[in-house]
Amino acid sequence: MTISELAGEFGIAPSAIRYYEEVGLLSPHRDSPRSQRLYDERDRARLKLILRGRRFGYSLSELADILALYDADPTQEKQIVRTLEYGFRHIREIDERIEELLEIRGEMLEFARDFLAILQRKGGGDGGREAFLEAAGKVIAELEEREFGPVAGKREGPGKGPGRRPVKKAGKKAGEKGAARGAKVRDRGSAGRPSREG
């Protein structure tokens, strides 16, 4: 399989495959440094794992670690264990990010409500202004009623099923919490986050 064929199968650019080769994650067969790259099923399986891992937030060094275990342990048990260890950590990071985004969303809704109230108290204006106020009120109400949950609307439904977290409503309640937690979130943002390799 050539690099064009492999790239076409996964819907990525050939340059992406060449990059993974440069960092040591792929090692296609070549008769000489100038000859065409040829990829076998092993390379295809590794690329599939790499792309899935990148989508899930795995760093290149983590993927290199996992792929090295694939070669070292034919049973793949160690590879699966290491994949789970990294995966659990990334899931926790995603959960933390979701919590932060919901808090920020709540704060933004709270600001929107306050600004809309200011406009309503001022009064006056033409019909276009009244139409805007009405439309803005509907948007805020719609956003307040929106619910978020893991794989919302799929499988058993929001907040149901083994191991699923309860649905968190990101409306007025989240906005009230956001005011108290805002400083905490901003502090985290200003402090910066550890950079991820890869």
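**From the surface inwards**

On the surface, I80, L84, F88 and I91 make up a nonpolar patch whose accessible area comes to about 380 Å² together. Patches consist of residues with over 30% relative accessible area and no salt bridge, with like charges joined within 9 Å and nonpolar side chains (Val, Leu, Ile, Met, Phe, Trp, Tyr) within 5 Å; a salt bridge is a side-chain nitrogen of Lys or Arg within 4 Å of a carboxyl oxygen of Asp or Glu, and accessible areas come from the Shrake-Rupley method with a 1.4 Å probe, with only the protein chains shown counting as cover for residues. This is a predicted model, in which local features need pLDDT of at least 70 and side-chain atom pairs count only at pLDDT 80 or more, while totals for chains, interfaces and linings use all residues. Residues are numbered from 1 along each chain as its sequence is written, and side-chain values use heavy atoms, leaving out hydrogens and water.

L84 has its place in helix α5 (residues 77-122), helices (H or I, at least four residues) being DSSP runs numbered from the N terminus. L84 counts as partly exposed because its relative accessibility is 44%, where buried means under 20%, exposed over 50% and partly exposed in between (1.4 Å probe, protein chains only). H90 also lies in helix α5, but counts as buried because its relative accessibility is 5%.

Technical notes:
Helix = DSSP H or I, 4+ residues; strand = E, 2+ residues; numbered from the N terminus.
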